[in-house]
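Let's take a walk through this structure together, one spot at a time.

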Amino acid sequence: MIVAGFGFRAEATSASLQSALERATPDRAIDAVAAPADKAGAACISGWAADRNLPLHPVTASELQAISTVTQSAQSIAHRGTGSVAEAVALAAAGPGARLLAHRQISQDRLATCAIAIGKET
């Protein structure tokens, strides 16, 4: 399973998410979307996922903090306890043994980030 993980600000729009996804993986299909649980109900992410008929996986704060990320953003560490929200939610949703296909990429408007993870082959 290939998961697009997103981190985003309250002001983010569907276009913000799309921009971040296109920067992370312009040519790869995704199977699911992940976001922090406290933001999974936001219109931008829930609507974006629904429009693409993709399942949305909410990732809890404790799951976020348990994931080690390649990117180490001081702001993300201070606010969320992880180096990259996008990387952490993608890895958590893709399951044990998941790995990143694309590190965190920032949308053109700088309101959203996206990382892509693939679950371990079974």
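**A walk from pocket to helices**

Let's begin with the lining of the largest pocket, whose residues split into seven nonpolar, seven polar and five charged. Keep in mind as you look that this is a predicted model. The space in that largest pocket comes to about 490 Å³. There are 19 lining residues, and those closest to the pocket's centre are Phe 8, Arg 9, Gln 75, Ser 76 and Thr 113.

Where does the lining come from? Strand E1 (2–8), H4, helix H5 (85–94), strand E4 (99–106) and strand E5 (112–118) each put in at least two residues. Which of these gives the most? That would be H4, with four residues.

Now step to Ser 73, which sits in the loop that links helix H3 (61–66) to helix H4 (74–80). Is Ser 73 buried or exposed? Its relative accessibility is 16%, and buried means under 20%, so Ser 73 counts as buried. Who does it touch? If you skip the neighbours within four places in sequence, Ser 73 is in contact with Thr 82, Gly 83 and Arg 104.

Next, have a look at two helices that meet. A pair of packed helices is described by the angle between the two axes and by the distance between them. Here the pair is helix H1 (residues 14–24) and helix H2 (residues 43–51), with axes that come within 8 Å and cross at roughly 65°. The crossing of H1 past H2 is right-handed. On the H1 side, the contact is made by Ser 14, Leu 17, Gln 18 and Leu 21, while H2 brings in Cys 44, Ile 45 and Trp 48. Sort those residues by class and you get five nonpolar, two polar and no charged ones.

Our last stop is Leu 54, found in the loop between H2 and strand E3 (56–59). Leu 54 has a relative accessible area of 16%, so it too is classed as buried. What surrounds it? Again leaving out neighbours within four places in sequence, Leu 54 is in contact with Ile 30, Asp 31, Ala 32, Val 33, Trp 48 and Ala 49.

Technical notes. Residues numbered from 1 in each chain as written. Predicted model: local features only at pLDDT ≥ 70, side-chain atom pairs only at ≥ 80, totals over all residues. Heavy atoms only, no water. Axes fitted to C-alpha atoms, helices over the stretch in contact; angles between N-to-C directions. Left-handed = near helix turned anticlockwise from the far one by under 90°. Contact = heavy atoms within 4.5 Å. Nonpolar A, V, L, I, M, F, W, Y, C, P; charged D, E, K, R; others polar. Buried < 20%, exposed > 50% of the residue type's maximum accessible area, 1.4 Å probe, protein only. 1 Å grid on protein atoms, 1.4 Å probe; cavity = no way out; pocket = protein on both sides within 12 Å on 5 of 7 lines; lining within 4 Å. Points joined across faces, edges and corners; volume = space filled by probe spheres on them.
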